[in-house]
Every structure is written in C-alpha cells, then in structure tokens.
There are 2 protein chains.
Amino acid sequence: MELVKGVRKTETLELEELLTGEMNGKRVKVSGAVHTVRDMGNVAFVILRKRGGILQCVCEKGVLVQIKGRGTAGLKDVKEEAAAEVAGIVTPSEKAPHGIEIRLEEIRILSEPAAPAPLPVSKWKMNTSLEAKLNYRPISLRNVRERAKFRLQEGLVRGFREFLYGEGFTEIHTPKIGAKSAEGGANLFRLEYFHHPAVLQQSPQFYKQMMVGVFERVFETAPVFRAEKHNTKRHLNEYTSLDFEMGYISGFEDLMAMETGYLQYTMKLLEKEYGRERKTLGIELPRTDEIPAVRFDEIKRLVSETYGRKIRSPYDLEPEEEVLISRYAKEKWDADFVFVTHYPSKKRPFYAMDDPEDPTYTLSFDLLFRGMEVTTGGQRIHDYHELLAKMEKRGMTAEGMEQYLSAFKYGMPPHGGLGIGLERLTMKLVGEDNIRETTLFPRDMSRLEP
Amino acid sequence: MELVKGVRKTETLELEELLTGEMNGKRVKVSGAVHTVRDMGNVAFVILRKRGGILQCVCEKGVLVQIKGRGTAGLKDVKEEAAAEVAGIVTPSEKAPHGIEIRLEEIRILSEPAAPAPLPVSKWKMNTSLEAKLNYRPISLRNVRERAKFRLQEGLVRGFREFLYGEGFTEIHTPKIGAKSAEGGANLFRLEYFHHPAVLQQSPQFYKQMMVGVFERVFETAPVFRAEKHNTKRHLNEYTSLDFEMGYISGFEDLMAMETGYLQYTMKLLEKEYGRERKTLGIELPRTDEIPAVRFDEIKRLVSETYGRKIRSPYDLEPEEEVLISRYAKEKWDADFVFVTHYPSKKRPFYAMDDPEDPTYTLSFDLLFRGMEVTTGGQRIHDYHELLAKMEKRGMTAEGMEQYLSAFKYGMPPHGGLGIGLERLTMKLVGEDNIRETTLFPRDMSRLEP
C-alpha cells in the first residue's frame, strides 16, 4: 500500500515559470513537442511547443541526445513532433520569442513519430484548405494559431459559468436522449432506445424551464443536436449551447441585461487571462459597455431605408439582413453587438410569451454579433392555462409533454432565458467566416469523423 | 433604440442579503415560491422558498394580498407553490430558520398554480418512493432536501474545472455523435446520420487523447451514452462524465496524484461554498488528505483473507468485493477513498498500457469511494507501432480509427487520463443507495421521460 497525497510539483517547468526572470542563469528541465529543428552548422535551434507557447532552445556544441529505446543519438535524429524533455540554462535573449532561450545540455526524446506530419504544423499560417485541416484534425490543431482559437473558446464558456455562479445560478445536467424535444418537427435525430422511439435533444429548453421551479436560476453548457439539412458556413448538426433560464423576471429586458453582464465579464476575462492567445490571433475585443436594443420591425425598416434594400419577408430576418443590421449598429451606434427585440410570434415556438400590446409579436430577442445571430432568447409563458391555450391554437397535442406541463400546473414564476451558440460566438470573436474553423471536430451533413 | 448596460440590482433581496444583519428593521421586498401557509387564527405564517433556502414571513394583522389578474384577495387565497413577491420588515427571530423573519405588509401573487402539488414538497422528508419522485420529477425536486443534492453535484463539477484550469488544463468540447466509439462493442446506441450509420459516444476517450497532442492537458465535462442492458442501482444509460487526459506524465501515479488534488480542492470548495446544503443533508465530507493505493491482486488477497470470502474470478472485481475493499480501507487505513491499481490487461481496453514488468496487468487504476467504483483511469500506449501491435493482437481493425491513429503516427507524448462518473460520486458523497437519486432526469432501460 502506498499513500497518494495530491499533486506534486513536476521536475519540468512550464513557460510561465520560465518567464518570471527568477530562473535566468539556472539549469532547468522542460518538456514539450519538437516544433522545429533548424541546424545552421555551428549552432542549431530546437523550438519546443509547450501548452503555453513556443520556447526557443539553442544547441551550440555537443549536446547529449538520447532517444528512448534507441540510446545515444545525434541532433539529426531529433524529429519534428517528437515528445522531448530537455535540460539547459535559461538565458535572456532579445531575439527569442518571450525574450528567453534555453542553452541546451541534454535532449531526451520520450516518444518518436512514425512519419513526418502531413501538414506544415510549425508554420505561423499553415495556408492549408479547411478541408485538409479537418481531414487531419488531430494534426492541424497543433498549429499555434489554430489551437489559440479554442483557448479563447474556453474563455467564453468559463466566463459564462463563472459569471452565472456569481449571479445565483445553479448548473444543471439534463438528458440528451428523450422521448420528445422542445421544438419538435423534422429536425430531430431519431434513435431506438431499448425498443422505444427516442430523439436527441435540440435544446435543453423543457428541462431548464422545469428547473426554474426548483432553483429559480439555472444554466447548462452542453451539446445539442439538430438534424437540419443545411450545408452552410454557419450551421452545425451538433454544437455546444450555453443556456440559462431565470425566474422572477420583471420582463425580457432582465434577460438582455444578464447576457450583457456575461459579455462584459467575459471580455474582461479574455483581456486578463487569455492575452497570449488574443495576441497570437491579433484579436480586438468587441465593445460590451452598452449594447443597443431595437425592435424587429423598426430595425428592418431602418436598414431597408438606409441601404435601399427591399423588405421581402416582413416576419423573418434573412442572413443578409442580419449583416446589414450589424453594419447599421456599427455605423450609427459604434456597436459590435445589437439586440433585435419583439420577434414575430409565428416565428417563435409555442412557449414564447406574446406581447400583450400586440400579440403578433413576442417578448423575445436575438443577439446579433458582427453580422450573425449568436443568441435567441425571450420571456416564456408561465401560466398553465395560457400555455395550454397557445398549444391548442397551434394544433399541438400534450402527448409526451405531461411532465413539462406539470411544472406549470403546479406553479411556475414568470421566467425567461436564452441559448448562445458557442461556436458562432467564437467564430465572430476571432473573425473566421466558417463555423467549422471554430469547432474542434465539426459535425455537418457530410462529416461524421474524426 | 435603447441601451442595455448590464445587470441591474433587483429590487427584491436574496436570502444572503437578508442575513447580514444590516437589513434588520428595514422594509424589504422578497420574491419566492409559497412553500407553506399556516394560518393560526390571529397570526399566520407564510414560508417562502428561495433559491438560497426557506424564509419565514409573518402576517399579524390585515395584510394586503393581491393576486395578478384577480385583484385584492385574502390570505386564504394564497396557494402553496404560487410565485409571490412580498414586502415587509426584516425582524430578528430566534425561532425562525436562519434567525430572521419578515413581518409582512403586502403579498403580491405573480402566478398561481392550477392544482395542488401531488407530492408533499414542503415536508422536510417527503417519504415518497423513488418511483413517485421520478414520475413527478419537476415537482419532487422542489423539496429542499432533494434539490440540495444537486447543489452539491454542482460543487463537484465546478471544483473539477476550477482545479484543472489552475493545473494548466484546457477545456474541450468533443462530438457525441460519431462513426465509431472508443470501446466499441454491443453497448452503443445507434442512429442514422444523414443516411450513414452512427453511434453515440460511450466516452470522449479518442478525442481527449488526440487533444493531448494539441494542449498537453485537457478535460471535458459532458454526457456519455451506454446502451448497457443493466437494470441496477448503480448504472445509468446516460450520465455525466468528468474526463481528463494529460501528457508528459512520468507514470500513472501522476494521474492518481492529480485526482487526489481534485478531490482535496473540491472538498474544500464544498466546505466553504456549499455549507447550507451540507447541513441540510447532514453530510460528512470524506477524508482526502491521503488516499491509499494498493495493487489489484494484493487487495483481492487481503480482502479474501480478512473477510473469509473466496476469490471466484481472479481477473475481475465483483461489486461485493468493491464493498469489502472499501470496508478494509476504512478499517485498516481510515480511508474513504482507495485506489486499486494494476488491473488485469484482459479487462482493460486496447489503448491501456500494459505493465512492462508483467503484461498480464496494466498501468491503470480504479478509484473506489465508500464501496463503489467512481473512476477508471490509467496510462495509455503512446507509441504508434505498439498501439497497432496491441490492436492486431486483439483482432481489431483500424477501420474508422484512422484519424485517432494518425495522432500517434505523427507523434504523441507519454500520457494518461481518467473518467469520473459524476452521479456516482454524488451518490456516495450524499449517502444515497440508488444512482437515480442523484440524477436530475435519469435515463435507464425503462425511463425516457421526463
């Protein structure tokens, strides 16, 4: 029997620890992937790729190279993408990335690749097609710029949770396999569940609403599944949805205020904790101090007048209109985000609360970010009889929704919520134009692997 | 156009704000569900259920009651489970929960239930069967003790992420629909994905390993799906898995150390931030300062000798043996957790690294907690040729695994990881004996709703 006492400090150091200045002149050990090897004859550079960034190592004279399972070797035997542990002296160097380099004494190769990488991983920009990047996903993501996008994505999710914990929300985990889904319809993946027909959830809508009766404020960050036959730059068939739902609201404005608070919190988090990745990608953070909110019908009219574009479908926003609305918001209000409120009732699900002043519209909104919808939200019906009436009006049956409806039957506060598409938010933050660029392993109509 | 500037302070106060002492004697507004109404004639108590706990409100004389849509009413019209907003004076009271009560001036009912709740939600212990609790899930969860379990569950996930962020891990989101899954076999849910056969992932195993080549250390907290035909107290067909995978390890001991660190961090978090829920459930936190680790063959022998139980299957742990191992660990070492190491190779998946000193066993482990396995982990094979050889030995084909294998072909560091079953960890923490008790909406062979 041995006792495990918790995390011990590793012998090898991370980039952050090397950059404090305290290690200058000292002998250290560092592990990492061999990013590149450049042998200039009398001097050679081995660039290591660490999780924190790249690290320049210099071999000036005879450096001991040992390869696991093969014994002592030469620098020419050190392959790119090998896993290495090196030892040497930390030396300030103005020309090196981050201002330091390691003067190597020893290189131990822990694991060797079986073949050279099929993509130029170590290049600053790979200049590789999206198709090739996706076909070699575990390799293309090793590129420093490629992976930086997903560090920022982490920040967006992390900020969501941290902010909402602070606002009294409880995190929930709801099932993805179910008998029925919130929006219903044709866009459901279907499967057999122990001889019963089942679907994959399009959204945690029903569950988060039921949980408002339990915790008042809840959130979930989880995958959702949509069998939409879209093959566009902005659709995925599986994506990560950041959802929250909150009770005791005085109106849907409370929801927009909460989302604005989230964005403010998160941009500060990206500013503070993800600086290296922002710099790597050259990203300017969007303005979030105040976000304009404008009615659906009004902004349609404004955009139509300003840019001379005819309104073709008065009850819908076309992608091109979303672009123009964002352009308008940027030009008139210097805004990167814009809330579009009061969507037409016929375009919203049955649980959306209609505007009592004009039931053609709902107490709901979308959030547009640099030309694209990244959030849909709104107040929900909380009265049991009102909910039943709306379902009947739409010709819906209560079958399979008994439990959802029971939450209302036995009392529910006024409430509402929203869902944010994580990959879209990332895409617009980092300035990509295809959602697959900001999805680790995208699922679309033709892509089920890796 | 209006400008949304972020979260505004609500007019109503939360329990935490009422308990600082600063509000004593002041008039406040509070919203919440009507938990119970007890009319004693000259005085009546309205107990509100807030997200933070219950709050006693006292009506001593004529209190103004207003019901939305119905106008002025009497106290007898206030129904349990209605959503209310009350106003009154904060008054210290030794007999009240948390030491304060609100002397009511006004009750506004925001929303009324359509029928009385089918379960005694407001009772301290509902004394209701698990079956009934699951059949009325959105209602039974409103019980203060029922919901407290899921607050602690939040703490377990939150601690996992916070601790791992601090240890240099990156959070990832990997697809749940795929062409192939890590363990393969019969336990897969199958579906049609745009005319292609697809499965739901049993674990993020392949993805997190691929991502070790990108970020060195990664984690994911997400649902996994297992079509196992088990109908036991410890199995679910969909559950939340807390997974991590880390590169540049010196052995599988690093993984156990990291998990111990997680448990230490998280028990402190539960201590500090979830005190009310711990008290509500009367929970004693487990010891995590040191966790014994003992070999599989050794502990089997020890348990067999100590408790006089014959070893029936030398290469497997039966549930009863898990209970005895935990009993042994408690009795001999005063340990709530125990690592069992070096599981037999034939019981582990192909990617597990065999022990070079005896390839009958692997460099892997399970973590047992109060009689039940809550974690499986271990070092993985990182060498491409070794991985191919092991697959061949098991008669496996590489079909559908090309991308997974490519990560190894193009270089992977020594690495390993683990997966923790969130619902099981919660179950053992709160002392439940059925995993459905610690799952919001369980999925088992007969339960697909709600």
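1. Let's start with the contact itself. Put together, chain B and chain A bury about 10,100 Å², and 61% of that lies on carbon and sulfur atoms. On the chain B side, the residues that lose the most area to chain A are B:Arg51, B:Phe194 and B:Tyr410, which together make up 8% of what that side buries. Please keep in mind as you read that this is a predicted model.

2. Next, who takes part. Chain A brings 126 residues to the contact, and chain B brings 126 residues. The side of chain B that touches chain A has 64 nonpolar, 26 polar and 36 charged residues.

3. The rule finds ten salt bridges across the interface of chain B and chain A. Helix α4 (residues 144–166) of chain B gives the most to the side of chain B that touches chain A, with ten residues.

4. The strands are worth a look too. An open sheet of nine strands, with mixed pairing, runs in the order β1(A)-β15(B)-β16(B)-β19(B)-β20(B)-β21(B)-β14(B)-β13(B)-β9(B). At its edges stand β1 (2–4) of chain A and β9 (170–171) of chain B; each has a single partner strand, so one side of each is left without a neighbour in the sheet. β1(A) runs antiparallel to β15 (residues 291–295) of chain B, and three bridges join them. Here A:Val4 stands opposite B:Ile291.

5. Another open sheet of nine strands, also with mixed pairing, has the order β9(A)-β13(A)-β14(A)-β21(A)-β20(A)-β19(A)-β16(A)-β15(A)-β1(B). Its edge strands, β9 (170–171) of chain A and β1 of chain B, each pair on one side only. β15 (residues 291–295) of chain A and β1 (residues 2–4) of chain B pair in the antiparallel sense over three bridges, and B:Leu3 is the bridge partner of A:Pro292. With β16 (residues 337–341) of chain A, β15(A) pairs in the parallel sense, again over three bridges; there A:Val294 has A:Val340 as its bridge partner.

6. Finally, the helices. Helix α6 (residues 253–273) of chain A lies across several strands, including β15 and β16 of chain A and β1 of chain B, and runs at about 125° to β14(A). Helix α9 (residues 319–333) of chain A lies across β15, β16, β19 and β20 of chain A, at about 120° to β16(A). In chain B, helix α5 (residues 205–215) runs at about 30° to β14(B).

Technical notes
Residues numbered from 1 in each chain as written. Chains lettered and ligands numbered in written order. Predicted model: local features only at pLDDT ≥ 70, side-chain atom pairs only at ≥ 80, totals over all residues. Heavy atoms only, no water. Contact = heavy atoms within 4.5 Å. Buried area = accessible area lost by both parts, 1.4 Å probe. Salt bridge = Lys/Arg side-chain N within 4 Å of Asp/Glu carboxyl O. Helix = DSSP H or I, 4+ residues; strand = E, 2+ residues; numbered from the N terminus. Nonpolar A, V, L, I, M, F, W, Y, C, P; charged D, E, K, R; others polar. Pairing = 2+ DSSP bridges. Axes fitted to C-alpha atoms, helices over the stretch in contact; angles between N-to-C directions.
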